[in-house]
Amino acid sequence: MRMGPGLWLGGFLLLGMSAGLEAGQAKPEPAPADVKPPANEDCLACHEDTSSARADGTSVAVNPKVFAASLHAPLACVDCHKDLEKLEEYPHPDKLATAECASCHDGEGSKYHDSIHGKARTNAGLNVAPACGDCHGSHDIQPPKDPTSRVARANVPATCGSCHEGIIHKYDAGIHAVALKAGNPKAPMCIDCHTAHDIQRADTDAWRLSVTAECGTCHDDVVDSFRRTFHGKVTELGFTRVAACADCHGAHDILPASNPGSMISKGRLVETCARCHAGANEQFVKYDPHPNPRNYARSPLLWWINQFYTVLIAGCFGFFGLHSLLWFRRSRRNGAAQGGQS
Amino acid sequence: MTPAAVEAPVREEARETPEMKRPPARHIQRFDAATRRLHVVIMVTFLLLAATGLPILFSEAPWGRALAMLFGGFQGAGFVHRVAGATLLGAVAWHVANVFWRAFVRGEKGLFWGPTSMVPQAKDFVDFWQQMKWFFNLGPAPKFEQFTYWEKFDYWAVLWGTAIMGAAGLILWFPVAAAAILPGWMFNVALFVHGAEAALAIGFIFVVHFFNGHLRPEKFPMDLVIFTGSLSEDELRHERAAQYERLTRTGELDGMVVQPPAEDARRRSLMYGAAGLTIGLGLVVLILYAVVR
């Protein structure tokens, strides 16, 4: 057979080629148990070098002292950089998977996911919107209790302000920033009203209404008196067309009435009220937006009117209530005698 | 009000209307059409004002928002409240003007003084004292005139309440215009007075007026005279003996006899009245829930 040896040779070559192809395509077997993930020292061998950088020149250096002092010091690099767990070849690719903070911090993660920042990143692909590390830091992460932390109460405005530059200047000018800088632990800053992780659009009704309660955590008697007004009652019902705290006092740049720049200073009251009540004048702003009929010192006239109506209402209901009861009793007893009269 | 009770006098009067097999009792006119219309307008607007105002008065109650949403939210409720308020103010103003017109243009007597007047008379205080004695079984029930002391109280309460509520309401409706003549703290006074008068009016109408006018055992479940305009001669004789005696003495009674209300009109009155009572008492339940909670 002419083809005999050639066939054998051809068969042999084909077999060899396919074997070679197979060998070339074969991926490394999944790391067996004895392949150890890189230890932090292994990573630092390269990343400790302050000149270590990606191909595009951005630094990938990690300061081991900073990391050792951070809240996450007990963690291994690969606890967050999970795709390096099975790394065998160095250097690893430039592009790694994003650290999944939510794999441990799932509560914060899901809140963030539904927040305006989370939605901006995931839905709109707005990659300037902050992810965890932009506020908390990464290798230098510290708990909020630590005064050096970016999310320590005193530092939050600066952290938020690194993006929201227009707001931080207003906030810094306001009375709350002054109190915060003076070390007042109750002084409100960004996240007290906006929350840290589930930040919502500031123009939603639900959010606007929730802020009043936040003001009330310190200014409880002021919110209580506000609730006695038409503004306070309508907002309590869940409608936002009327004024709540920030509409008169401002939001970020709140100033005391004694400050001429304040929205509620004598000089600016007409302007402030006229934002809704077009045509408001000096007489108009003699309105008290925080009356308390039970507090004689605050509202003496209302206190007297309250006394008058308390007596009038109690008298009326008491008198006619008794009148009706006595009548009912008499009519029931009389039922048999007068049953047929009407 | 058993059928037998109504029929009892029917047989007496049977000879007067021989063409009917079972002629109804003689009915006496009590309220003219204008008065009945006025009551309907006051009733409807009052219920609307209460239902749309209570969410504000009880803004902290869990039902506040739901009740406001029934009218399309606070703006819808506010719109209904203003329309109803303006209508009520107009109706009461019309009534007052009408009384003066009757008195001074038409020369009607007895509007401002005397047994047919709404102005309290010495007899009202005597009646009240007798009624107290009757409550305690110490004497006979008083012989009432055209309007009893509690009816006069109701009447003046509506006039007084509408004037105060209306004035306060207008200040709150047009604060910028009001500020042309009033200082801003009058808005505080207006809101407080509007709320306090509302509590007084709602409590008074939905409890005291409902009981005195409709729910008390003699009238239960309701007195239809304000809707139908007339009542049976028998009822008048028992309930307003002094008026009945006066009308009989002067001979006016025969001129006040009217056809008894048609069954259809009676049923309609009963329906409207029952709806009003139900809504009012429903709102009372909501108020009690908010207060007790």
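Over all chains, the structure holds 29 aromatic pairs. In chain A, the rings of F319(A) and F320(A) have centres 5.0 Å apart and planes at 80°, so this pair is edge-to-face, an angle over 60 degrees being required for that class. In chain B, the ring centres of Y149(B) and W150(B) lie 5.4 Å apart with planes at 90°, and this pair is therefore edge-to-face. The model from which these values were computed is a predicted one.

F320(A), with a relative accessible area of 3%, is buried. Both Y149(B) and W150(B) are buried.

Helix α5 of chain B comprises the 14 residues 122–135. At 1.5 Å a residue, the helix should span 20 Å, and the distance of 20 Å between its end C-alpha atoms agrees with this expectation. The buried residues of α5(B) are D124(B), D127(B), Q131(B), M132(B), W134(B) and F135(B). Viewed down the axis of α5(B), these buried residues fall within an arc of 160°, so they line one face of the helix. The face turned away from the buried side of α5(B) carries the exposed residues A122(B), F125(B) and W129(B). Just after α5(B), a positive phi of about 65° is taken by N137(B).

A nonpolar patch on the surface is formed by V96(B), F100(B), W101(B), F104(B), V105(B), F112(B) and W113(B). Together, these residues have about 780 Å² of accessible area.

In chain A, S162(A) is found in the loop between α8 (156–161) and α9 (165–173). S162(A) has a relative accessibility of 57% and therefore counts as exposed, the cut-off for this class being over 50%. Between S162(A) and V234(A), the separation is 72 residues in sequence and 37 Å in space, taken from C-alpha to C-alpha.

Methods
Residues numbered from 1 in each chain as written. Chains lettered and ligands numbered in written order. Predicted model: local features only at pLDDT ≥ 70, side-chain atom pairs only at ≥ 80, totals over all residues. Heavy atoms only, no water. Helix = DSSP H or I, 4+ residues; strand = E, 2+ residues; numbered from the N terminus. Expected span 1.5 Å × (residues − 1). Buried < 20%, exposed > 50% of the residue type's maximum accessible area, 1.4 Å probe, protein only. Arc of directions from axis to C-beta. Patch = residues over 30% accessible without salt bridge, like charges linked within 9 Å, V, L, I, M, F, W, Y side chains within 5 Å. Areas by Shrake-Rupley, 256 points an atom, 1.4 Å probe, with all protein chains shown as cover. Salt bridge = Lys/Arg side-chain N within 4 Å of Asp/Glu carboxyl O. Phe/Tyr/Trp six-rings, centres within 6.5 Å; stacked < 30°, edge-to-face > 60°.
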